[in-house]
Every structure is written in C-alpha cells, then in structure tokens.
Amino acid sequence: MFVHVGDRAVVLGGSVAGLFAARVLAEHFTEVVVVDRDPLLDATGPRRAVPQGHHIHGLLARGQQILEELFPGFTAELAAAGVPTRDFATSLGWHFAGTPIQQSPSDLICISAGRWLLEDQIRARVAALPNVTFRQADIVALEYTDDRTAVLGARIQAPGDETPVLERADLTVDATGRGSRLPRWLAEAGYPAVEEERVTMDLTYTSCDFRAPLTADPIGDGIAVISVATPGHPRGATLARLPDRYSLSLNGVLGDRAPTDLPGFLEYARSLPVPAIHEAIRDAEPLGEPVQFRFPASVRRRYERMTRLPAGLVALGDAACGFNPIYAQGMTVAATGSLVLRDYLEQGAGDPRRYFRALAKTLDGAWDMSAGGDLAFPDVTGRRTPQVRLGNAFMRRMQVAATRDRVVAAAFVRVAGLVDAPQAMMRPRVLSRVLWPRDEPVAAVTPLQHTTGGTA
C-alpha cells in the first residue's frame, strides 16, 4: 500500500539489514540514501566492515520467503546461476549428538549462495530502484532538533572530506549491526539508558574452504551437514556446499576454539560426533588457511521498553538484536524486521515506540530459541527464567524424538527455519510424540543420505 511518509530517508549501514530497509523505504519516500563506510557499488566479496564475512551464512526458510516477496523472481535467478536451491527440510542434514533427525519433503526452500553472493544480488536489486542512492562515508553522530525530541538525520564524513556534513532525513534507520552506537548517542542526548539482555557464551567459529569435489562427499545433492553442539557434545560444525566450493565452519563455546593451522583444524573436526565431516575434508584441498571469528555474547536492546524516544529514528537487524550466529538467524530476522518497518510506514510512521513494540514481538521467538539454546550450557551466563529451564528440558527430549519421529522432526525444521513460532512445538500432535515417544522403526537411511526437492 502506497503511503507517502516523507521526502527523504537515510539508512545507516549497507549490509543485508540496511538493504532490506532501503527496499521498503523506497515505497514511501521520494529519496532513500544508504550510507556505509565501505564502497558498496560494484563491491564483491568480503568487506572490511564485516569481519565475519569469510564464514558460512545461512538464510533460513522464512528469510527466503520474504526475499521472494520483496524481490520477485530472486530465487529462480539464483538457481539459474547455479546456486544450490533445495528443499529446506531434506537438504540440511541436522544431527543431534551425532544422530541424524528424520526427514520429510516440505514446501520450504533453502538457498546456498553464501553471504557475499546473496548480498551482492540483493544490493543489485536495491541499486536498480530509481530513488535509492549509495554513499561511502563514516557515520559520526545523529543530529537532533534543538529540543532533542526528533532526529534530523546523521552527520557523515566521506573519504577525503575534512569535516562531517549533515545527511538530512525525515526518517533515519540504524542498520549498523552489532557495533551500533545508538544507545550511546541516545544517552548523550539525554534519553534514558537502553535496557539490554545479554547471553555470554564466548563462541568462536573457525572456517576453511575446500575445493570441490570432495573425495568423500557426505552432502550429495543436498546443501549441508550440521552437527549441532549440545552440552553433552559441546563442539559443533556446519559443512556446506556452495556454488563453487565447500566450506566447513567449526564452532566451540566457553573458550574452546578450533586451531587456525590446518592440522589442528582437521584434528578438531575429527573430535566431532559426526565422523563423516572429518572424513570428507581430511584429504581435501584447502583453498586457504582457516580463519577465525569470535562472538562473545548475544545482545538484545530493549528499545520497546523506553519511556521516550526521538521521532524520526528506528533500528533493525543486529543493531536491535544480535544473535549467536550458529543459529543462522541474523539475515532472516533482518528480513522480518523490514516487514515490521513496512507495516509501520503504511500506518504513516509516527511514534517510533509503536515500531519497536511490533519489532519486539517478531524478535521474541528467535531470541527464545537462540538464548535458550545457549543457556542450556551450564557455564554460559545469562538470565535463566523458569521458562528457559522448562524449555531446555523440553528441547532435550525433542532432540531425541526428532531422530526417530518424522512428525517431530518436521515441526522442528519449521521452527528452526523461523516459519513457525516455537509454540508450534506445543501442538498436541507434536507434544504428545515428544513426551510419549512412539515405538516406531527408524527409517532405514544412513546419517548422510538426503532427499532433495530439486531446484526451485
């Protein structure tokens, strides 16, 4: 629905969240400017501003649905370009404690483009919009009205400029990611401190790419094999098939880190409860040295609890809530946030607290899953409510049931893909199978067989 909100919107940050924001803003503003410290037009590959960019990034099933809604034909374009595009439920080989979950075909789609190809293609679609422009500049500060009740835009400093200039906007969107300075900027303007929730797991993931084909390929025509870290098996991994290579990310928590030398990396892979992952890469040709990224804590900024906020300012993506990347929620949550932004604009914008309250509702399910999953590890620090403790006790039983029961496994995949809310696991048909497991024969498949749904 077209509602003209203002003449100009400015998006701070040009990664996936910022691109989704620009797409919906373009329908409601005469001009949209995307500001990032990296040059974005004609950019390819990992960027300086995204140090985690060398690692595997997943787009969950709900993210693919939103991507297709905002950019019709996007999935087919990737598939035509050779990007693996498969059934989300059957092309991902989830393993709990070394045992694969049961698989059934679904109507959900998984895209294995990798972070940079996916971002490049989204950026190309956004750049093609006639009222969107990109600017390379450092973001210095927000600019307020004299009474500081509204944001006028942001002060930015382009390369080579001696002083910052004001990028004026009727609406400013913070999409600067986990390093967002918005809480500090608000405090400096006299606003109350932004409440934060933090779950500290001290995650490190170490990744290495390998030339295709692998000598022993456990993925086949699927997309990935995933060894889920649990308190009993705290090391995890994802081995993914990308358009031109294979990539293995090893993850450890609470200071456990896979080495960045190849022999140590291989030895860490050998310790996983899914032996086929090590077997797949032990004789493979690496395309470089392993690289490492540390993620200390998930942080949720509770803007919806603020008693007051300046008009003309919102935030989305990791700037509002940064998740443990192992759950692959970041890009999909950014996509869902853009739909919240679209609804807010279609109602004429107004009080930003209305936007943040709506955003909080979409964040709840993803946060409960990732924060709750991390808090299942006894030494991870964070707030363990009775709900978290009950949820983790349920998840332990669900994981066992999913390895034997297709109904439970199918429900888990939809929740993990952010298509269904976690409450879907409480539906009687699923709950009864978790609490009172059926004495059903397990399907005669190996942990590494995958049924695919073909290209989309």
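User: What makes a pair of cysteines a disulfide here, and how many does the structure hold?

Analyst: A disulfide is a pair of cysteine sulfur atoms within 2.5 Å. This is a predicted model. The structure holds zero disulfides.

User: Why is Cys-110 called buried?

Analyst: Buried means under 20% relative accessible area. Cys-110 has 5% relative accessibility, so Cys-110 counts as buried.

User: What about Cys-321: buried or exposed?

Analyst: Cys-321 has a relative accessibility of 1%. The cut-off for buried is under 20%. Cys-321 therefore counts as buried.

User: Why is Asn-251 counted as buried, and where is Asn-251 placed?

Analyst: Asn-251 is at 6% relative accessibility, and the limit is under 20%, so Asn-251 is buried. Its place is in strand β15, residues 246–252.

User: What does Asn-251 touch, leaving out residues up to four places away in sequence?

Analyst: Contact means heavy atoms within 4.5 Å. By that test Asn-251 touches Leu-203, Thr-204, Tyr-205, Ala-229, Pro-234, Arg-235, Gly-236, Ala-237, Tyr-268 and Ile-326.

User: Why is Arg-155 called partly exposed?

Analyst: Partly exposed lies between the two cut-offs, under 20% for buried and over 50% for exposed. Arg-155 has a relative accessible area of 28%, so Arg-155 is partly exposed.

User: Where does Arg-155 lie, and which residues does Arg-155 touch?

Analyst: Arg-155 lies in strand β9, residues 151–157. Beyond four places in sequence, Arg-155 touches Asp-138, Ile-139, Val-140, Ala-141, Glu-143, Pro-164, Val-165 and Leu-166.

User: What separates Arg-155 from Ser-247 in sequence and in space?

Analyst: Arg-155 and Ser-247 are 92 residues apart in sequence. Their C-alpha atoms are 39 Å apart.

User: What distance separates the C-alpha atoms of Arg-406 and Gln-103?

Analyst: The separation is 6.2 Å. Along the chain, Arg-406 and Gln-103 are 303 residues apart.

User: What describes two packed helices?

Analyst: The angle between their axes and the distance between the axes.

User: What are these values for α1 and α4, and why are the helices described as they are?

Analyst: The axes of α1 (residues 16–25) and α4 (residues 115–127) come within 10 Å and cross at roughly 25°. Angles under 35 degrees count as roughly parallel, so α1 is roughly parallel to α4. The crossing of α1 and α4 is left-handed.

User: Which residues meet between α1 and α4, and how do they divide by class?

Analyst: Val-16, Leu-19, Phe-20, Ala-22 and Arg-23 in α1 meet Arg-115, Glu-119, Ile-122, Arg-123 and Val-126 in α4. The contact has six nonpolar, no polar and four charged residues.

User: Why is α10 called oblique to α11?

Analyst: α10 and α11 pack at about 120°, with axes 8 Å apart. Roughly perpendicular runs from 65 to 115 degrees and roughly antiparallel is over 145, so α10 is oblique to α11. The crossing of α10 and α11 is left-handed.

User: Which residues make the α10 and α11 contact, and of what class are they?

Analyst: Met-398, Ala-401 and Ala-402 of α10 and Val-408, Ala-409 and Phe-412 of α11. They divide into six nonpolar, no polar and no charged.

User: Which residues of α12 are buried, and what covers them?

Analyst: In α12 (residues 428–435), Val-430, Ser-432, Arg-433 and Val-434 are buried. The cover includes α10 (386–402) and α11 (406–416).

Technical notes:
Residues are numbered from 1 along each chain as its sequence is written. This is a predicted model: local features need pLDDT of at least 70, side-chain atom pairs count only at pLDDT 80 or more; totals for chains, interfaces and linings use all residues. Side-chain values use heavy atoms; hydrogens and water are left out. Helices (H or I, at least four residues) and strands (E, at least two) are DSSP runs, numbered from the N terminus. Buried means under 20% relative accessible area, exposed over 50%, partly exposed in between (1.4 Å probe, protein chains only). Axes are lines fitted to C-alpha atoms, for helices over the stretch in contact, and angles run from 0 to 180 degrees between N-to-C directions. A crossing is left-handed if the near helix is turned anticlockwise from the far one by less than a right angle, and right-handed if clockwise. Ala, Val, Leu, Ile, Met, Phe, Trp, Tyr, Cys and Pro count as nonpolar, Asp, Glu, Lys and Arg as charged, and the others, Gly among them, as polar.
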